[in-house]
Amino acid sequence: MAGAAVAAVDVPAAAANGGACCHAAKGPGYATPLEAMEKGPREKLVYVTCVYNGDPQAPGHPHRPGDELHHSGWNSCSSCHGDPSAKRRFLILPSLLSGRVYVVDTATDLRAPSLHKVVESEDIAEKTGLGFPHTSYCLASGDIMISCLGDKEGNAAGNGFLLLDSEFNVKERWEKPGHSPLFGYDFWYQPRHKTMISSSWGAPAAFRTGFNLQHVQDGLYGRHLHVYDWPGGELKQTLDLGDTGLLPLEVRFLHDPSKDTGYVGCALTSNMVRFFKTTDGSWAMRQYNIEDPAKPFLAGQVWVGGLLQKGSDVVYVTDDGQEEQYNVPQVKGHRLRGGPQMIQLSLDGKRIFVTNSLFSRWDEQFFGDDLVKKGSHMLQIDVDTEKGGLAINPNFFVDFGTEPDGPALAHEMRYPGGDCTSDIWI
């Protein structure tokens, strides 16, 4: 991919209404998740990280070749709600492959974000030894914490956590020396339980060239959750998910700062793992296989792409040896490309927005030109919060294949006033 940028997507009037982004009298965000659900406005705008297959020097694009914008976070969130001086203004954009971190001003003009600062990869590597930045969260102190998946050469042994200060200068590593186990990826901290848990994707030297099953057998991909003391940075426990928990990616606690339970999805083995604190203060887990959708507590499902759809050369073999594929609907006359990847829930829990790019090299490998040359799309899925159930909104389709600078691959989404996957409460 040539480069990357941030797209500001307006949610149509049929799917949104008015409301302020946040409370002016307090700090950013909301006092509690319940307040966010009950008082938060319906989304009108969403920022989406995109990888372009076009001109990396197009006007208005702050990116450079090879960045691979992937995940993003805010400079300030609900963890700073008690600080009236804190403002949710800057979007933090780690570049997974180049190692740069972009800081984008969204407050001056919500619909035209502008580049505020670039933290160069050389500065990060020189001061911390870290490379391949991924997940970014704001801390109540005003610092920014970013997980880094390896050293600048792509070795998994070099991974750790980068701290930037409130002016976005490289500060230090967060974890204590010697407390950096192999592999790192996503993380979530739960201050009331004095715990941070991180997941483990794989060695950048392996995944950046495409997925190779042999690399799994060679031990270049992860299968662990790492439990850290918060905010001290001491590794307290490592949970081995075994061969059925390979490639644990996004990790999330329940959206309640008092809860000691969370989930992580394991990409290669299609398992959902629940982790929780035990009575002795350690952490344990249970696994849920989600390969078979016909589970007793299944409330709803939708098929929005993937390799198992009818017309493809990939089939699902049932326990009784039958081959199956699934019907994937068209939306506003468009055939759905690729498969679902990142999701963002509305504050009231009634709408899910979904994009369909994981990582450009893997997109190309698994979906080929159908996705890479035609670009991503964003869908809206309506959630029945009373009876259960999911339904694709037939009137919502954002086509990133029609971008003026070429097709774009869309990944993570953020609402200007905060969202369900970026805000943490203390």
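Glu68 is buried, at 6% relative accessible area. Its phi is positive, about 60°, although Glu68 is not a glycine. This is a predicted model. Most residues other than glycine have a negative phi, and most peptide bonds are trans.

**Positive phi**
- Glu68 sits in the loop between β2 (45-52) and β3 (73-74).
- Ser270 also has a positive phi, near 55°, and is a residue other than glycine.
- The loop that holds Ser270 runs between β16 (261-266) and β17 (271-277).
- Is Ser270 buried, partly exposed or exposed? Ser270 counts as partly exposed because its relative accessibility is 33%, and that class lies between the 20% and 50% cut-offs.

**Cis peptide bond**
- The bond from Trp230 to Pro231 is cis, with omega near 5°.
- Pro231 is placed in the loop between β13 (224-229) and β14 (235-240).

- Pro94 belongs to strand β4, residues 90-94.
- Pro94 is buried because its relative accessible area is 1%, and buried means under 20%.
- Leaving out residues up to four places away in sequence, Pro94 touches Glu68, Leu69, His70, His71 and Ser72, among others.
- Other contacts of Pro94 include Arg100, Val101, Pro133, His134, Ser136 and Ile146.
- Pro94 and Cys148 are 54 residues apart in sequence. Their C-alpha atoms are 9.3 Å apart in space.

Note on methods
Residues numbered from 1 in each chain as written. Predicted model: local features only at pLDDT ≥ 70, side-chain atom pairs only at ≥ 80, totals over all residues. Heavy atoms only, no water. Helix = DSSP H or I, 4+ residues; strand = E, 2+ residues; numbered from the N terminus. Buried < 20%, exposed > 50% of the residue type's maximum accessible area, 1.4 Å probe, protein only. Contact = heavy atoms within 4.5 Å.
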